Amino acid sequence: MNNLEKEINSLKKELLNMFLLVESQWKKSAIAILEFDQDIAEEISSIENRVNALEITIDKKCENILALLSPVAIDLRFVLSTYKINHELERVADIAESIANYVANNEEAYPKEVLENLQVNDMLNEFNSMIDDIIESFEEEDTKIARKIFKKDKRLNEYNKNAGKSIIKFFDKYNRENLMYLLSSIRKIERAGDSLKNIGEEIIFHLEAKVIKHKEKKT
Amino acid sequence: MKTKIEAKNIDVFYGDFQALRNINMQFEENAVTALIGPSGCGKSTYLRLFNRMNDYIDSFNMNGEIVIDGKNIYEKNVLVDELRKGIGMVFQKPNPFPKSIFENVSYGLKIQGIKDKDFLNRRVRKALEQSALWDEVKNDLDKSALALSGGQQQRLCIARTLAVEPKILLMDEPTSALDPIATAKVEELIHQLKEKYTIIIVTHNMQQASRISDFTAFFYMGDLIEYDKTDTIFTKPKNERTQNYITGRFG
């Protein structure tokens with residue numbers, strides 16, 4: 001194994017750590033929202049600085065490999081995609097923290113009836129299964145798995161769209177401010193799903209040298 | 001873009017050993033094409049086909065055609081001396097003659113029988129300007145070329161080649177004996193020269209190939225494995241052997 005391969009492997013391990021950290025943040029975030037667990041919500045915030053530190057470590061590694069080892073072809077694509085995935089993951093973790101902050105600062109839980117009606121549990125399960133797919137496709141270098149998330153992202157968009165319409169009917173029954181926090185959380189989950197989709201596209205770029213982003217908009 | 005050179009069904013043998021196998025390639029005019037591959041892959045043999053340098057090797061034998069500007073240069077009626085007026089070559093190590101700078105650059109013109117001093121002066125100056133050496137040597141044209149640094153000597157050899165105004169430049173690892181500063185100067189020069197010349201360069205330096213060439217051909221054990229635009233070769237090569245070579249996983 002040459003030096004470049006060693007550095008690439010080490011970078012891959014760090015990025016996998018980042019994936020796992022973000023995955024764990026989101027699993028906790030789901031519990032915080034659904035069970036109004038303010039302790040877990042606080043824990044998410046306290047772990048956020050580890051995500052930020054890891055982001056900087058990965059950036060630095062990418063920079064060093066580019067400057068010192070001049071990667072080309074699949075190695076170059078890996079470093080470029082890692083650089084972008086790293087930033088997307090940091091954003092996804094930020095969103096988990098932001099959702100957790102709503103819970104930590106709220107005085108009351110989101111009403112069970114509204115959570116059920118808006119299918120928040122299903123949406124979070126869908127989102128977390130997207131993270132699992134992304135991690136599996138990254139570890140196994142399998143673009144078929146990465147491609148699974150595009151459909152799932154569309155389903156997240158649907159949950160988000162429906163939630164906007166459905167929540168209005170609860171405005172007279174429950175605390176409106178609380179409902180707006182919930183709706184904002186749903187919007188944020190949808191946005192985090194877009195980031196996972198971008199990560200899937202980067203994994204495909206790394207492994208197949210195909211640029212698939214923005215393709216949908218053209219057709 | 002226009003095709004300047006075409007290699008058709010090229011096989012090359014040294015006695016029983018086959019150095020190149022069924023090579024087919026088209027070279028664009030006013031472009032730099034890099035030939036890369038591990039030692040012994042046949043790239044230098046291939047480069048030397050374009051000015052018939054291999055003709056001097058007793059065991060050399062070939063099939064196929066090298067077509068330059070529509071004419072097969074291996075046809076019997078081709079005058080090799082005439083052919084070489086249009087094809088300059090720069091070698092791995094600078095090889096200036098033990099003569100003055102002026103005599104080195106004007107050498108090719110003089111053996112063509114040109115004696116007009118004004119003409120020679122103009123051509124020498126132009127060639128030295130083209131090779132980015134004029135400002136460094138304009139007051140020392142009578143000094144020995146051997147007093148120049150390695151990088152200057154190599155640019156002098158390029159000037160000597162350019163003075164006869166060839167159309168094609170063949171370069172066989174032209175910077176392998178130079179330091180990074182001299183290498184950067186020669187690379188910049190190659191970049192400028194492609195406006196007027198068709199350049200084929202053999203290099204072992206992957207980064208150099210990626211920096212200076214428009215097209216890259218990867219050779220391995222006598223076969224042309226992949227030939228494409230340089231950015232394609234270095235970002236998404238189609239062949240796994242190309243990828244393994246340029247990423248340093250073999251060779």
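Reply: Let's begin with buried area: that's the accessible area (1.4 Å probe) two parts lose on being put together, summed over both. Between chain B and chain A it comes to about 850 Å², and carbon and sulfur atoms supply 51% of that. Bear in mind that this is a predicted model, where local features need pLDDT of at least 70, side-chain atom pairs count only at pLDDT 80 or more, and totals for chains, interfaces and linings use all residues. Residues are numbered from 1 along each chain as its sequence is written, chains are lettered from A and ligands numbered from 1 in the order in which they are written, and side-chain values use heavy atoms, leaving out hydrogens and water.

Who takes part? Chain B brings 10 residues to the contact and chain A brings 11 residues, with contact meaning heavy atoms within 4.5 Å. Two salt bridges link chain B and chain A (a side-chain nitrogen of Lys or Arg within 4 Å of a carboxyl oxygen of Asp or Glu). One of them joins Arg249(B) to Glu5(A), with the closest N and O atoms 3.4 Å apart. On chain B's side, the elements giving two or more residues are α9 (230–235) and α10 (240–246); helices (H or I, at least four residues) and strands (E, at least two) are DSSP runs, numbered from the N terminus. Chain B's touching residues split into three nonpolar, five polar and two charged (Ala, Val, Leu, Ile, Met, Phe, Trp, Tyr, Cys and Pro count as nonpolar, Asp, Glu, Lys and Arg as charged, and the others, Gly among them, as polar).

Now for the rest of chain B. It has an open sheet of six strands, ordered β6-β7-β8-β3-β9-β10, with mixed pairing; two strands pair if DSSP finds at least two bridges between them. At the edges sit β6 (87–90) and β10 (223–229) of chain B, each pairing on one side only. Further in, β3 (residues 32–36) and β8 (residues 198–202) of chain B pair in the parallel sense over four bridges, and Thr33(B) faces Ile200(B) in β8(B).
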